[in-house]
Amino acid sequence: EEIAKRAPYSAHNVFGHCRALFNWAIARGVYGLETSPCDRLKPADLIGRKEARSRVLIDDELRALWKATEALDYPYGPLFRLLALTGQRKSEVAEARWSEIDEPGKRWMIPAERMKANAPHVVPLSDAAMEVLRELLRFRSSDYLFSTGGARPVNGFSKAKDRLDAAMAAELGAEVPPFVLHDIRRTVRTCMSALPISSDVAELVIAHARPGLRRVYDRHAYEDEKRRALDLWAAKLRSIVEPPPQNIVTLRQGGRNTL
């Protein structure tokens, strides 16, 4: 109920975790529990209907977000930039390890145990993503890309998100309509639909499972297709962050584009 006052969608997720935990404890039969405090409670009555999120950042907001990350120190600034470049989930990026990164091959190999679908996922890394990685601090005694001390991955985001919102507002000269970090992922997927990227490949980029029998019979990894998609997206994001000057006109001459 306390979470529902500020984040109804998150409150639904927390309720689901609580219900699953108590059901597991009762089923184990070793904790002396026979009933769950979640029994007979309906989330819709307790929190309200669970509305699917639909927030997508517009180009001005994406530009402000990228520029705002430059004002945020490690680990949050580069972490937010990698979210925007790859479209992966917050937890997947925040818990990334150097041992998962194939730097010569420009690939990020996320093991199954860290993926929502419990299947390994390969993320081809664009030149822009590799640039972010090359600028990261590296702890001698830690394998984590993003950490505040090396012992564990970064896990507190509320204050960093507040700083991000403030920096974006300063860039835009106005308050930013509320958004959560997961909305960056939705924005990446939505923007890919406006690029020459097939819907199937765009879904694979963000690790959405293929439907039905295709998941069983189509075992192609689509790594080259995903690399092209993420390269196209990185180029599009750069054009949003650094739009070309208005006084440049593209002309056609001899069958080629010239400036």
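Student: How much space lies in the largest cavity?

Tutor: About 40 Å³. Keep in mind that this is a predicted model.

Student: What makes it a cavity and not a pocket?

Tutor: A 1.4 Å probe fits there but cannot get out, so the term is cavity. With a cut-off of 30 Å³ or more, the count comes to one cavity.

Student: Which residues line the largest cavity?

Tutor: Leu 83, Gln 88, Arg 89, Lys 90, Leu 181, His 182, Ile 184 and Arg 185. Three are nonpolar, two polar and three charged. Helix 8, residues 182–192, gives the most to this lining, with three residues.

Student: Why is the pair Asp 183 and Arg 186 called a salt bridge?

Tutor: The closest N and O atoms are 2.6 Å apart. The cut-off is 4 Å, so the pair qualifies.

Student: How many residues apart are Asp 183 and Arg 186 in helix 8?

Tutor: Three, which means a separation of about one helical turn.

Student: Why does Asp 183 count as buried?

Tutor: Its relative accessibility is 0%.

Student: What makes Arg 238 partly exposed?

Tutor: Arg 238 has 48% relative accessibility. Exposed needs over 50% and buried needs under 20%, so Arg 238 falls in between. Arg 238 forms a salt bridge with Glu 242, the closest N and O atoms being 3.4 Å apart.

Student: How do you know that Glu 2 and Lys 5 meet in a salt bridge?

Tutor: The N to O distance between their side chains is 3.3 Å. That is within 4 Å, so the term applies. Glu 2 and Lys 5 are both exposed. A search of the whole structure finds 15 salt bridges.

Student: Which residues have the most contacts inside the largest nonpolar core?

Tutor: Leu 79, Phe 80, Leu 133, Leu 164 and Met 168, in a core of 61 residues. A second, separate core has five residues, including Ala 4, Ala 11, Phe 15 and Cys 38.

Student: What is Met 168 in contact with, leaving aside neighbours within four places in sequence?

Tutor: Leu 57, Glu 61, Ala 64, Leu 65, Ala 68, Val 176 and Phe 179. Contact means heavy atoms within 4.5 Å.

Methods. Residues numbered from 1 in each chain as written. Predicted model: local features only at pLDDT ≥ 70, side-chain atom pairs only at ≥ 80, totals over all residues. Heavy atoms only, no water. Core = buried A, V, L, I, M, F, W, Y, C linked by side-chain atoms within 4.5 Å. Buried < 20%, exposed > 50% of the residue type's maximum accessible area, 1.4 Å probe, protein only. 1 Å grid on protein atoms, 1.4 Å probe; cavity = no way out; pocket = protein on both sides within 12 Å on 5 of 7 lines; lining within 4 Å. Points joined across faces, edges and corners; volume = space filled by probe spheres on them. Helix = DSSP H or I, 4+ residues; strand = E, 2+ residues; numbered from the N terminus. Nonpolar A, V, L, I, M, F, W, Y, C, P; charged D, E, K, R; others polar.
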